[in-house]
Amino acid sequence: MATLYDAPTDELLEALTDELDGRLDAPAWAEFAKSGHDREMPPQQDDFWARRAASLLRKVAVDGPVGVERLSTEYGSLTKGSTRYRVSPAEKTDGSKNVIRTILQQLEDEDLVETQGVEGRIVTAEGRSLLDDTAGDVLEELDRPELERYV
């Protein structure tokens with residue numbers, strides 16, 4: 001049986017995005033919200049909400065228990081300093097905590113993630129099953145001979 005560690009990450013996230021697209025609804029404000037304060041515009045992808053949810057579910061499964069603060073650091077980026085002459089040094093900025101928190105709450109409502117005290121969130125058995133089943137489907141669809149031993 002394949003696990004989420006066996007499947008390539010980008011193909012796993014694509015399949016998981018398709019799975020979560022029907023289960024999670026983006027709030028009304030999501031089309032106007034930026035994914036971090038260093039961004040100029042909101043995300044232009046049509047399936048941004050489901051794609052970020054799939055990424056968060058995988059990250060919680062791999063790194064859990066994990067909290068919103070650490071996840072926002074993971075989804076942050078590096079600003080290149082002042083836009084005028086690039087004189088100030090680069091700094092690390094965090095991603096949007098509201099987007100991450102809202103998606104985690106939706107994943108909790110779907111019983112894919114649960115809170116473990118003050119330590120953060122972990123993946124439930126149903127969430128782990130969804131990840132592993134999706135990874136198995138991805139490995140079956142891939143036409144890569146080096147991954148055939150996992151099928």
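Glutamate 108 is partly exposed, with a relative accessibility of 23%. In this predicted model, its side chain meets that of arginine 121 in a salt bridge, with 2.7 Å from N to O. Arginine 121 sits in strand β4 (residues 120-123) while glutamate 108 belongs to helix α4, so their pairing ties together parts that are 13 residues apart in sequence. Is arginine 121 buried or exposed? At 13% relative accessibility, arginine 121 counts as buried, because the cut-off for buried is under 20%.

Now let's move to another pair. Glutamate 110 and arginine 23 also join their side chains in a salt bridge, at 3.2 Å from N to O. Find glutamate 110 in the loop between α4 (97-109) and β3 (113-116), then look for arginine 23 in the loop between α1 (9-21) and α2 (48-63); the pair therefore links parts that lie 87 residues apart in sequence. Glutamate 110 has a relative accessible area of 26% and is partly exposed. Arginine 23 is partly exposed too, at 26% relative accessibility.

Next, take a look at lysine 97. Its salt bridge partner is aspartate 94, and the closest N and O atoms of the two are 3.7 Å apart. With 28% relative accessibility, lysine 97 counts as partly exposed; aspartate 94, with a relative accessible area of 23%, is partly exposed as well.

How many salt bridges does the count come to? The count is 8 salt bridges, including the one between lysine 97 and aspartate 94.

Note on methods. Residues numbered from 1 in each chain as written. Predicted model: local features only at pLDDT ≥ 70, side-chain atom pairs only at ≥ 80, totals over all residues. Heavy atoms only, no water. Salt bridge = Lys/Arg side-chain N within 4 Å of Asp/Glu carboxyl O. Helix = DSSP H or I, 4+ residues; strand = E, 2+ residues; numbered from the N terminus. Buried < 20%, exposed > 50% of the residue type's maximum accessible area, 1.4 Å probe, protein only.
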